[in-house]
Amino acid sequence: VPRIGPGRPRVRPDHVLGDKGYSSKAIRTWLRRRGIAHTIPERADQVRNRARRGSRGGRPPAFDREA
């Protein structure tokens with residue numbers, strides 16, 4: 001992440017874009033815990049598993065197609 005001005009460059013990004021390979025619950029939790037916004041599409045098997053659980057399936061993660 002480029003830094004404006006002098007000093008050590010930042011290591012933590014403001015936002016992460018990922019592909020479906022990075023769609024695991026662990027990765028999303030890790031990013032949320034560190035306050036990093038992310039845009040990662042869900043894999044089809046994750047959508048199917050959530051739908052199969054019925055009313056306790058949870059809310060799907062937000063996904064911004066424009067980003």
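Trainee: Which residues does Arg 43 touch, leaving out those up to four places away in sequence?

Mentor: Contacts are read from the distances between heavy atoms, with 4.5 Å as the cut-off. In this predicted model, Arg 43 touches Lys 20, Ser 23 and Ser 24 once residues up to four places away are set aside. A related pair is Arg 43 and Gly 21: 22 residues separate them in sequence, while their C-alpha atoms are 7.9 Å apart.

Trainee: Where does Arg 43 lie among the helices and strands?

Mentor: Look at the elements on either side. Arg 43 is in the loop that links strand S2 (37–39) to helix H2 (44–52). The whole chain has 2 helices and 2 strands, and from the N terminus on their order is β-α-β-α.

Trainee: Which side-chain partner does Arg 43 have in a polar contact?

Mentor: That would be Asp 45, whose side chain is joined to that of Arg 43 by a polar contact of 3.3 Å.

Trainee: Why does Arg 43 count as partly exposed?

Mentor: Partly exposed is the class between buried, under 20%, and exposed, over 50%. Arg 43 belongs there because its relative accessibility is 29%.

Trainee: How much of the chain counts as buried?

Mentor: For the chain, the share is 16% of its 67 residues. The chain exposes about 5,700 Å², and 54% of that comes from carbon and sulfur atoms.

Trainee: And what share of contacts joins residues at least 24 apart?

Mentor: Taking contacts between residues at least 6 apart in sequence, 12% join residues at least 24 apart.

Methods
Residues numbered from 1 in each chain as written. Predicted model: local features only at pLDDT ≥ 70, side-chain atom pairs only at ≥ 80, totals over all residues. Heavy atoms only, no water. Helix = DSSP H or I, 4+ residues; strand = E, 2+ residues; numbered from the N terminus. Buried < 20%, exposed > 50% of the residue type's maximum accessible area, 1.4 Å probe, protein only. Polar contact = N/O pair within 3.5 Å; in protein donor to acceptor, adjacent residues only side chain to side chain. Areas by Shrake-Rupley, 256 points an atom, 1.4 Å probe, with all protein chains shown as cover.
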